[in-house]
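Could you walk me through this structure, one part at a time? I'm new to it and would like plain explanations of the terms along the way.

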Amino acid sequence: MKNFISVNDVADINALVQKAIAYKAHPLKDIALGTHKRIGLLFLNPSLRTRLSTQIAAANLGMEAIVFNMDKEGWKLELEDGAIMDGTTVEHIKDAAPILGSYFDILCVRTFPSLLNRDDDYNEVLLSRLIEYAGLPIVSLESATLHPLQSLTDIITITENFKEVRKPKIVLTWAPHIKPIPQCVSNSFAQWINAWGEADFTITHPEGYELGEQYTAGATITHNQQQALADADFVYVKNWSSYQDYGKVLTENPKWMLTNKHLSVTNHAKVMHCLPVRRNVELSDEILDGPQSLVSQQGANRVWAAQAVISELLKN
Ligand code: CP
């Protein structure tokens, strides 16, 4: 593995999952792997789980982690080649990236979409410029379009909670929200589950919330949530704004918020959400506080996903 930007950087998903599960059993078994090595964590928007779990994962591998809240403490970066920088941007990515590359052994970055211009967001300019100019392995801590550490965590959590020989039925369901939310967690979950190939996968959402086919191809897609939920083993709950009518909230229909009544048609489904979650808007208290919720286990598993990925990059 050279970078960790999407599932396409992973040669063997199950091997990476097993590596993470082994770290969960023995967190310090590779404490010497990262001795005298440094990992940079650049954040352009807030985080609880990603920031702390990646720091803990790096410490478990003996690395020093330095966090930089670039949006608040750094210079405003220019990304456009040939730009005449007489506006608000102060430093060109071509100048900043090699410096960052010289300070660290691995560089991680969290970006965020504007949700205003789909082409700009889906071109992932910052990530690709960092890969081009920084000269070291780059890890996405969530980008404009994908959240690979979250998706790896999700497959780890599903693997831990499903022991039958058959494939699990996994349903990704849209949930209401009060503001426009990126598609990245849902894109990424769909991309990873499809690439994994070990699930019967359905996506359900209201009309107008179709995700990009580059992520969803292979899944069953329906606007009928109750039909989708029938016999589900896992239900992944997530809001996203429209991809087609880019960044727009087309409905806040509360009927899409999952309750125990919705779950009655499932196969005692376990419920997942990446967090943070807006309680009683996206997902009901009765589910989040009930026995079918996996959200705490998912959050805790972020450490082992990050540790497996950093370890792979260090070994290379
Ligand atoms: N799930 C997730 O990425 O959480 P944070 O935004 O808190 O890092």
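Does Leu275 count as buried, exposed or partly exposed, and at what relative accessibility? Leu275 counts as partly exposed, because its relative accessibility is 21%; buried means under 20% relative accessible area, exposed over 50%, and partly exposed in between, using a 1.4 Å probe and protein chains only.

Before going on, a word about where this comes from. This is a predicted model, in which local features need pLDDT of at least 70 and side-chain atom pairs count only at pLDDT 80 or more, while totals for chains, interfaces and linings use all residues. Residues are numbered from 1 along each chain as its sequence is written, and side-chain values use heavy atoms, with hydrogens and water left out.

Let's stay with Leu275 for a moment. Leu275 sits in the loop between S11 and H12; helices (H or I, at least four residues) and strands (E, at least two) are DSSP runs, numbered from the N terminus. Most residues other than glycine have a negative phi, and most peptide bonds are trans. Leu275, though not a glycine, has a positive phi of about 65°, and the peptide bond that joins Leu275 and Pro276 is cis, with omega about 0°. Pro276 belongs to the loop between strand S11 (270–272) and helix H12 (285–288). Asn280 is in the loop between S11 and H12 too, and its phi is also positive, near 65°. With a relative accessible area of 40%, Asn280 is partly exposed.

Leu275 also brings us to the ligand. Around the ligand are Ser47, Leu48, Arg49, Thr50, Arg110, His147, Gln150, Cys274, Leu275 and Arg302, where a residue is listed if one of its heavy atoms lies within 4 Å. Ser47 has a side-chain N or O atom 2.7 Å from an oxygen atom of the ligand. For Arg49, a side-chain N or O atom is 2.9 Å from a ligand oxygen, and for Arg302 that distance is 3.2 Å.

Now step back to the whole chain. The protein is divided into domain 1 (7–146 + 301–315) and domain 2 (149–299), with bounds that come from an automatic or database domain assignment. Their C-alpha centres lie 25 Å apart. Where the two meet, 34 residues of domain 1 are in contact with 34 residues of domain 2; contact means heavy atoms within 4.5 Å.

Take Leu152: leaving aside neighbours within four places in sequence, Leu152 is in contact with Phe4, Leu16, Val17, Trp192, Ala305 and Val309.

Trp192 leads us to helix H8, where 11 of 13 residues are buried, including Phe189, Trp192, Ile193 and Trp196. The 13 residues of H8 (residues 184–196) should span 18 Å at 1.5 Å a residue, and the end C-alpha atoms are 18 Å apart, so the two agree; the expected span is 1.5 Å times one less than the number of residues. Just after H8, Gly197 takes a positive phi of about 70°.

Finally, look at helix H7 (residues 148–161), which holds Glu160 and also Thr157. Thr157 counts as buried, because its relative accessibility is 0%. Thr157 and Met272 are 115 residues apart in sequence, yet 9.1 Å apart in space, C-alpha to C-alpha.

How values were computed
Polar contact = N/O pair within 3.5 Å; in protein donor to acceptor, adjacent residues only side chain to side chain.
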